[in-house]
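The tour goes from one selection to the next.

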Amino acid sequence: MAQPAHGIARHGTPALPPDFQHLPYANPAAPKGGRLVVGSLGTFDSMNPFISRGAVPEVSPGSGINPLIVQPLMMRSLDEPFTLYGLVAESIETAPDRSWAEFRINPLARFSDGKPVTAEDIKFTFELLRERGRPVQRSAYRRVKDVTLPDARTIRFTFAEPDGELPLILALMPALARHDINPETFEQPTFKPPLGSGPYLLAELDPGKSFTLRRNPSFWGRDLPILKGHHNFDEIRVDFYRDSNALFEAFKVGLYDVRFETDPAKWLDGYGFTAVRDGRIVKETLKFEAPRGMTGIVFNTRRPQLADPRVREALTMLFDFEWLNRNLFQGAYTRQQSFFDQSELSSVGRPASDIEKALLGPFAKDLKPAVLDGAWTSPRSDGSGRDRQRMQAAIALLAQAGYGLRNGQIANDRTGEPLTIEFLALSRDQERIGLAFADSLRPLGITLKVRFVDSSLYWRRLRAFDFDTIIWTYGVSASPGTEQPNRFSSAAAGREASLNYAGVRSPAVDAMLDALRRARTREEFVAAIRALDRVLLSGNYVLPLYFPPERWLARQSTLKRPERTPRYDINFETWWRE
């Protein structure tokens, strides 16, 4: 029989008991006070993170104003693959087959204006985001068949069919105040954030340039065990820089506090400045157990010149990672192999299991034998920048796809149109990679035009899928799930502002996504993810790039963090100022 619980795990049971006192990676004795200053590249034109329109700022990598201003019903533990514990909702109850989920709102929960959070507010939020929210939310929430309110603090969601992950997706729903939001204008970008129940309020804002969050002295949840040791700064300020070099120079002179370095050349040679030498800035390397998501050059298969997988495979062959890594990055990067690299979810190096073979059987023609056998790896070159063997293999693939040499250029045999591709870059680092790729394609008569654009134009073009190629990172957690259809499903391919930038329309991918959603055991879940990995790798939708073997972090020495880091990611909410 179902019972209310303090937490919920995607598979198994939560690691922490109902009476836990704080999260294992938080320091409940952390001092309060001071200010955290964050530096960010780009700009922003909205403070509403729950809609598709507008460029919304991050406060820390992957985290915006949610959960600092707006809180979810339940909070994720970064020590477990996918486990949530009560926050705005004090408990969750689900059917054994997860055909419904019921949340009980914490009686203490208050919005920042002092009004209580009610089940009516959660129902309002659900309906608002189902119709007007981001594509991933709309898709997930539409799997709910019915919503009822047994009482003023309880809300029950009944699903169209049993769904192992949907209770957790609903548990991550933000709690928005129905008395503060006009649904008719909700989708318009705005510098006024939604009214939430979080520990901070927006105190100052310079549109596109900076904003400051200030601790809410009346925050209702400061004594919750799950928040002990969190939200230690009185203020959090985020400053934006248009250029990556200006961003780095600002850090060197102490204009902001913490930096994740992504350029190995900078990490190895660029931190010899005074503040590092005298100890005011500390360098650290951190390791986490989460899979390495795919960072790569995404091919927009909606473009006719990139529609044929053989063309995409040929272009992948011509990218000389070995030369690039040695000459631009001092050999510091590891080549990307999988959409779920360095984890048990990766298919690389593992032959397909019996469960995977059953899932993939109807789509054998879509799979490369080496990918099915686990023997596939990203192409390797001789590192010369002119690997003739790979050039010959690429020319053969292009010939199969109907491209041949004409007047010194690779051109379509039927139309005579030269093979020309645009590479859209958001940063100078991306531009540098694009220029190196263009150099490797030029000897074969393939033109790659590198275009560097500002962030507002970049995001506008991405939302409309108006590009040929981009660099993108498909970040993943230890429990991938509902975000995957928004990245790779056929339905998402035709939905503006989805993250299916590659335009994947594949019955095989759709079937693996369905298997992932239906998975009930950890074994079925892992098999579905590996099978999805195999289909995506076989489709050549992304040219795999690289990742650093560790996370490179530099911080002001007065900025402190708990000695124990979470297993799966960094958490700035547990840091403090000495």
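Select Thr-83 to begin: this residue is buried, at 3% relative accessible area. Buried means under 20% relative accessible area, exposed over 50%, and partly exposed in between, with a 1.4 Å probe and protein chains only. This is a predicted model, in which local features need pLDDT of at least 70 and side-chain atom pairs count only at pLDDT 80 or more, while totals for chains, interfaces and linings use all residues. Residues are numbered from 1 along each chain as its sequence is written, and side-chain values use heavy atoms, with hydrogens and water left out.

Stay on Thr-83 and show its strand, S4 (residues 83-86). Strands (E, at least two residues) and helices (H or I, at least four) are DSSP runs, numbered from the N terminus.

Now show the surroundings of Thr-83. Beyond its neighbours within four places in sequence, its contacts include Ile-8, Pro-14 and Met-75; contact means heavy atoms within 4.5 Å.

Next, select strand S24 (residues 551-556). Five of its six residues are buried, so the strand is largely enclosed by the rest of the structure.

Which strands pair with S24? Strand S12 (residues 258-261) runs antiparallel to S24, with four bridges joining them. Strand S13 (residues 281-286) is also antiparallel to S24, over six bridges. Two strands pair if DSSP finds at least two bridges between them.

Finish at Trp-552 in S24: Glu-261 stands opposite this residue, and Thr-285 has Trp-552 as its bridge partner.
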